[in-house]
Amino acid sequence: MAENYVQKLIAERIGGDQFGKSTVIYKFEKIKRAKAEAIAAYPDLEIIDMGVGEPDACADSGVVKTLSVEASKWENRNYADNGIAEFKEAVVRYLDNVYGVSNIDAATEVNHSIGSKPALAMMAQAFINPGDVALMTVPGYPIMGTMTKWLGGEVYNMPLLAENKFLPDFEEIPHKIVKKAKLLYLNYPNNPTGAVANKAFFKKAIKFAKENNLVIVHDAAYAALTFDGYKPLSFLSVPGAKKVGVEIHSLSKAYNMTGWRMAYVVGNPKVVAAFASVKDNNDSGQFKAIQLASAYALDHPEITEETAAKYSRRHDLLVATLNKIGLKAEKPKGSFYLYVAIPKGVKGGQRFQTAEDFSQYLIKEKMISTVPWDDAGAYVRFSVTFLAANEFEEQEVMKEIGRRLSDVKFEF
Ligand SMILES: Cc1ncc(COP(=O)(O)O)c(C=O)c1O
């Protein structure tokens with residue numbers, strides 16, 4: 001039958017003839033189902049959604065206006081291929097301005113990407129042969145690792161633990177793994193832990209990469225969203241970085257532009273060229289009007305600073321609220337994520353073995369949605385991108401969380 005023969009043709013990498021038949025329910029689907037159950041059980045109560053991984057606000061009006069002007073121009077209508085010079089030059093100005101990185105050549109060391117997600121997948125396509133290893137961090141954003149496996153490579157997961165300030169410990173990686181490794185993925189400020197890196201850590205990573213012939217891919221999706229005296233830090237500001245790797249920046253989180261799909265790879269010219277070659281075989285570039293609107297955004301870093309101040313304020317509110325009800329929350333220095341260790345249970349009530357148990361409890365019993373992480377310790381991730389139109393509404397959300405959890409006592 002037709003349906004059967006299509007099923008048999010599906011590639012092994014996405015399940016082969018078992019594709020679509022698995023009964024395993026993945027994390028985000030479980031959250032979705034729990035939300036639906038909770039809404040059915042408490043139709044009059046609104047879900048407080050702390051699980052979303054993207055900004056709640058629109059892009060800046062100047063950025064939107066630039067797009068609308070540029071979208072109607074004849075010269076912007078066609079394929080952009082590997083990108084336009086105006087955007088690359090804006091990247092060079094931006095990196096100097098915000099991160100103090102002043103040694104970037106626009107023509108050879110910058111290439112745009114239709115978001116950082118495909119850039120991460122393409123980085124694996126550019127480097128991984130069967131048997132090669134990508135060193136990934138867990139918990140984390142898995143795209144480069146997934147593509148590595150699809151290409152016949154292997155993933156080695158480095159746990160991010162509280163006792164190491166959520167930084168990977170390179171000494172712990174077995175020698176035989178390091179020998180096969182080609183790519184080292186880092187992401188600071190980190191999703192989901194909210195941890196930040198410092199120059200000393202990047203220096204250590206560069207030394208490790210040099211000694212072991214690795215390419216560092218630093219995912220800087222949240223790099224500009226920092227607060228409390230921690231300044232945006234680029235891996236490229238550390239001497240020697242450009243010799244061993246690249247950084248991937250995105251406009252998604254820094255500029256409330258997730259749907260616009262705009263990011264860039266910057267750093268080592270050979271890595272950038274390899275990426276560009278792969279990209280050329282995957283897509284034909286982002287719409288030039290979006291690239292020009294993005295260049296406008298990069299020339300206005302105050303847009304991001306305002307957003308960072310908002311997240312900082314919300315983190316303060318949320319940390320205070322969660323601590324008051326007996327959880328142990330600590331404000332991060334960057335990102336919009338708050339990573340909170342789970343309690344063992346509720347006094348006289350439910351026990352939690354895993355973060356998933358706790359997250360399910362919060363959704364089903366309290367209508368508060370979070371994302372659970374059980375990869376390296378049990379934590380739930382709250383995101384301060386919850387819906388609130390202004391500071392008054394933010395306070396109201398906090399009061400509501402307090403009310404919903406006022407009758408429980410957590411045990412650790
Ligand atoms: C760590 C990290 N990297 C990359 C991305 C992808 O961002 P985008 O493809 O929108 O640039 C995300 C999105 O959630 C992320 O959390």
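**Exercise 1.** How much space lies in the second largest pocket? Work out its size, then describe its lining.

*Solution.* Some ground rules come before the steps. This is a predicted model, where local features need pLDDT of at least 70, side-chain atom pairs count only at pLDDT 80 or more, and totals for chains, interfaces and linings use all residues. Residues are numbered from 1 along each chain as its sequence is written, and side-chain values use heavy atoms, with hydrogens and water left out.

Step 1: the terms. On a 1 Å grid over the protein atoms alone, a pocket is an open set of points with protein on both sides within 12 Å along at least five of seven lines, while a cavity is a set where a 1.4 Å probe fits but cannot get out; lining residues have an atom within 4 Å of a point. Points are joined across faces, edges and corners, and a volume is the space filled by probe spheres set on them.

Step 2: the size. The second largest pocket holds about 520 Å³ of space.

Step 3: the lining. It takes 21 residues, and Phe166, Thr193, Ala195, Glu330 and Lys331 lie nearest the centre. Strand E9 (residues 337-341) gives the largest share, 4 residues. Helices (H or I, at least four residues) and strands (E, at least two) are DSSP runs, numbered from the N terminus.

Step 4: Sort the lining by class and you get 13 nonpolar, 3 polar and 5 charged residues. Here Ala, Val, Leu, Ile, Met, Phe, Trp, Tyr, Cys and Pro count as nonpolar, Asp, Glu, Lys and Arg as charged, and the others, Gly among them, as polar.

**Exercise 2.** Find the space taken by the ligand, and describe that space.

*Solution.* Step 1: the ligand takes the space of the largest pocket. A molecule sits in a pocket or cavity if more than half of its atoms lie within 2 Å of its grid points.

Step 1: this largest pocket has a volume of about 1400 Å³. Its lining counts 45 residues, with Phe28, Gly140, Tyr141, Pro142 and Ile143 nearest the centre.

Step 2: elements giving two or more residues to that lining include helix H2 (27-41), strand E3 (133-138), helix H7 (143-150) and strand E4 (154-159). H7 supplies the largest share, 6 residues.

Step 3: by class, the lining of the largest pocket splits into 19 nonpolar, 14 polar and 12 charged residues.

**Exercise 3.** Describe the largest cavity.

*Solution.* Step 1: the count is 1 cavity of 30 Å³ or more, and about 60 Å³ of space lies in the largest cavity.

Step 1: its lining has 13 residues, with Tyr94, His249, Ser250, Ala254 and Tyr264 nearest the centre.

Step 2: by class, that lining has 11 nonpolar, 2 polar and no charged residues.

**Exercise 4.** Which peptide bond is cis with omega near 0 degrees, and which is cis with omega near 10 degrees?

*Solution.* Step 1: the bond from Val138 to Pro139 is cis with omega near 0 degrees. Pro139 belongs to the loop between E3 and H7.

Step 1: the bond from Asn191 to Pro192 is cis with omega near 10 degrees. Pro192 sits in the loop between strand E5 (181-186) and helix H9 (199-211).
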